[in-house]
Amino acid sequence: MEELSNEQQRVLDHVLAWLERNDAPPIFILTGSAGTGKTLLIRHLVRALQDRRIHYALAAPTGRAARILSERTGDHARTLHSLIYIFDRYQLVEEADRQTDEPLSLQLHFALRSAEHDARLIIVDEASMVSDTAGEEELYRFGSGRLLNDLLTFARLIPKRDRPPTTRLLFVGDPAQLPPVGQSVSPALSAQYLRDTFGLSAETAHLRSVYRQRKGHPILETATALRNALEKGHYHTFRLPEQPPDLRPVGLEEAIETTATDFRRQNPSVLLCRTNALARKLNAAVRARLWGREGLPPQPGDLLLVNRNAPLHGLFNGDLVLVETVGPLEHRRVGRRGRPPVDLYFRDVELLYPHEKPRNRIRCKLLENLLESPDGQLSPDIIQALLIDFYRRHPSLKHGSSEFRLMLANDAYFNALHVRYGYAMTVHKAQGGEWKRATVVFNDWRHFRHAEFFRWAYTAITRAREELLTIGAPSFEALSDMRWQPAPSVPAPEQAAENATRFPLKALETYHQRLSEALTAAGIETTGVELLQYAVRYHLARADRTTRIQYYYRGDGQISRIVTLGGADDPELTQQAYALFERILSEPPADSGELPENPLLREFLERAHLRLEGSGIRIVHWKEMPYALRLYFSADGENVTIDFYYNRRGVWTHAQEVGRSSSGALFARIQSLLQADS
């Protein structure tokens with residue numbers, strides 16, 4: 001077994017110490033991004049638990065995630081559903097149409113296990129997928145419908161008792177992945193959610209270092225950049241590096257052919273997208289390559305994705321199965337009183353798991369209606385038709401009787417498997433799994449600068465273990481969509497001459513920029529600037545009144561004194577200008593290495609320095625303003641001030657030149673350099 005890094009060993013020691021402490025909270029949350037070695041740490045933890053003879057259980061939210069966990073730990077992992085729910089008993093809940101007395105809906109409620117269990121620790125991998133909202137399952141409902149709530153109840157953590165709990169929970173997952181559908185956070189990975197919702201405290205640890213043997217891989221580097229953006233809340237830069245063969249863009253035709261070829265070679269890859277409608281089209285295209293033409297029914301060798309938990313067959317939402325044999329199509333038309341009939345399509349199949357040895361075969365019926373549906377779920381009309389069909393096939397059964405429940409739970413048609421083809425799927429469906437090669441299709445996104453897209457992209461990209469192909473990936477950065485607005489008027493000759501002043505020290509440029517801004521705001525015009533021996537003289541005017549202010553500086557740029565000169569014909573103007581000089585020059589210029597505390601502004605300024613490097617254009621000063629960053633630029637004696645504005649989401653929206661510069665050339669050069677692709 002591979003050795004742990006120092007960071008991983010520290011976290012493992014933390015978990016073991018937590019488990020031994022009687023006063024420790026009942027939950028431990030272990031998080032880390034892709035490549036940080038979470039699964040390796042679980043393997044070492046399992047070994048340590050075995051050595052200490054501590055009973056434990058390994059679990060994951062989906063069958064696919066549980067199988068991956070089993071493969072990587074060498075131990076048996078179960079789905080959370082099979083761990084905490086009873087499948088051989090259920091409660092029947094029916095709803096009928098008051099006018100026609102036909103069934104409208106029905107649910108089979110599977111109860112939560114209440115028997116004592118001896119697991120001192122339950123380890124839940126891929127815990128970001130554990131939901132705490134009741135799903136809208138038309139046929140099956142497990143416990144309360146809230147998986148997290150039921151898991152905490154099963155572990156006897158809620159309702160809280162006076163005595164310490166005997167079972168503890170270790171949640172392991174990646175908080176940057178997509179949260180469960182309908183939730184804004186992954187509740188099992190949120191200490192605040194557990195505290196606020198259940199009154200339970202949790203210890204936490206976070207793995208930050210990318211595991212040494214994969215460090216530098218472009219997929220992980222890209223994932224790390226996206227994770228950092230999510231942590232900072234900055235959604236203004238997205239660019240996937242081209243590093244063939246590990247990460248490269250491809251056309252749609254190549255992606256479809258690659259997926260089909262990989263499947264023929266028994267090394268399946270996957271196409272990932274956002275919507276079920278696009279996944280359906282991609283699946284149809286791959287199957288046309290595999291079987292020679294479009295529109296064929298399921299074929300022996302086809303790959304299917306289980307779309308709904310199927311307790312009767314031991315299959316769970318997200319499982320991938322191969323078709324071994326296919327029977328003839330069975331069509332049933334179900335009439336309904338006062339409503340259009342519904343066509344149901346069934347087929348007998350024999351299925352097996354693609355990588356399981358020995359290959360256990362599952363014989364069942366497929367409900368083919370979902371295969372060609374653009375939606376991810378069956379319509380209420382089809383669910384109702386399944387119920388009506390069952391009732392009409394068993395007219396003598398008494399509703400709600402033991403025999404009725406037994407027949408319903410084992411009826412091949414009512415419990416027919418809900419599947420889609422498994423060559424392409426949504427990223428939500430792909431969570432908990434990974435493939436050697438994955439192709440991510442970005443075409444069904446229209447807007448990108450928000451957390452939902454970044455989290456989706458992160459989850460999609462980290463499904464690829466070794467090779468990532470992309471279709472239509474966007475490329476943008478903070479200034480890509482920024483509107484640039486130069487000052488509307490051409491500067492007067494006097495202002496042009498003033499802007500052409502070449503200051504001997506950078507600090508003096510900074511002072512000049514700040515003085516110009518303050519004087520303009522006060523309605524005072526700078527008609528001329530003279531550079532003297534260790535002194536700078538300003539000629540100022542307002543209307544027909546004039547004055548002169550001069551300051552002296554040392555060789556290090558420090559201001560030694562400020563004086564007013566004779567010839568002034570407006571004492572009020574002189575006094576006001578002197579006060580401005582005194583205020584501005586008493587504030588030391590920003591150090592060239594100084595950066596704003598606001599991380600959004602700091603990142604922007606760092607990028608601007610990098611883009612301007614070698615151009616001869618210098619940023620001599622910056623100023624933070626409400627929803628804006630003001631930068632003072634200087635090059636070849638020309639100066640320009642630009643305000644860069646951003647919105648509440650941290651997106652940079654536009655750049656506005658402040659005041660008037662000697663020409664538009666410097667403004668245009670800055671725009672070109674800052675917007676250039678890097």
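Leaving aside neighbours within four places in sequence, which residues is Glu657 in contact with? Before you look, keep in mind that this is a predicted model.

**Stop 1: Glu657**

Select Glu657, which you will find in strand S28, residues 652–658. Now show its surroundings: Glu657 is in contact with Gln485, Pro486, Ala487, Val640, Thr641, Ile642 and Phe667, once neighbours within four places in sequence are set aside. Is Glu657 buried or exposed? Its relative accessibility is 6%, so Glu657 counts as buried, the cut-off being under 20%.

**Stop 2: Gln576**

Next, select helix H16, residues 571–585, and pick out Gln576 within the helix. Gln576 is partly exposed, with a relative accessible area of 29%. With neighbours within four places in sequence left aside, the contacts of Gln576 are Ala522, Ile524 and Arg542. Zoom in on Arg542: its side chain and that of Gln576 are joined by a polar contact of 2.9 Å.

Gln576 and Arg287 are 289 residues apart along the chain, and 80 Å separates their C-alpha atoms.

**Stop 3: Helix H8**

Move on to helix H8, residues 252–264. How far apart are the end C-alpha atoms of H8? They are 19 Å apart; this agrees with the 18 Å that the 13 residues should span at 1.5 Å a residue.

Colour the buried residues of H8: Ala255, Ile256, Thr258, Thr259, Ala260, Thr261, Asp262 and Phe263. Then bring in what covers them, including strand S11 (270–273), helix H9 (276–291) and strand S12 (303–306). Strands S13 (320–336), S18 (435–441) and S19 (464–471) are also among the elements covering these buried residues. Just after H8, stop at Gln266, which takes a positive phi of about 60°.

**Stop 4**

Select Cys273, which is buried with a relative accessible area of 0%. Cys364 is buried too, with a relative accessible area of 6%. How many disulfides does a search of the whole structure find? It finds zero. As a reminder, a disulfide is a covalent bond between the sulfur atoms of two cysteines.

**Stop 5: The whole chain**

Finally, zoom out and colour by domain. The domain assignment gives domain 1 (6–207), domain 2 (297–430), domain 3 (506–586) and domain 4 (599–675). Select domain 1 and domain 3 together: their C-alpha centres lie 69 Å apart.

Terms used: Residues numbered from 1 in each chain as written. Predicted model: local features only at pLDDT ≥ 70, side-chain atom pairs only at ≥ 80, totals over all residues. Heavy atoms only, no water. Helix = DSSP H or I, 4+ residues; strand = E, 2+ residues; numbered from the N terminus. Expected span 1.5 Å × (residues − 1). Buried < 20%, exposed > 50% of the residue type's maximum accessible area, 1.4 Å probe, protein only. Contact = heavy atoms within 4.5 Å. Domains from an automatic or database assignment. Disulfide = S-S within 2.5 Å. Polar contact = N/O pair within 3.5 Å; in protein donor to acceptor, adjacent residues only side chain to side chain.
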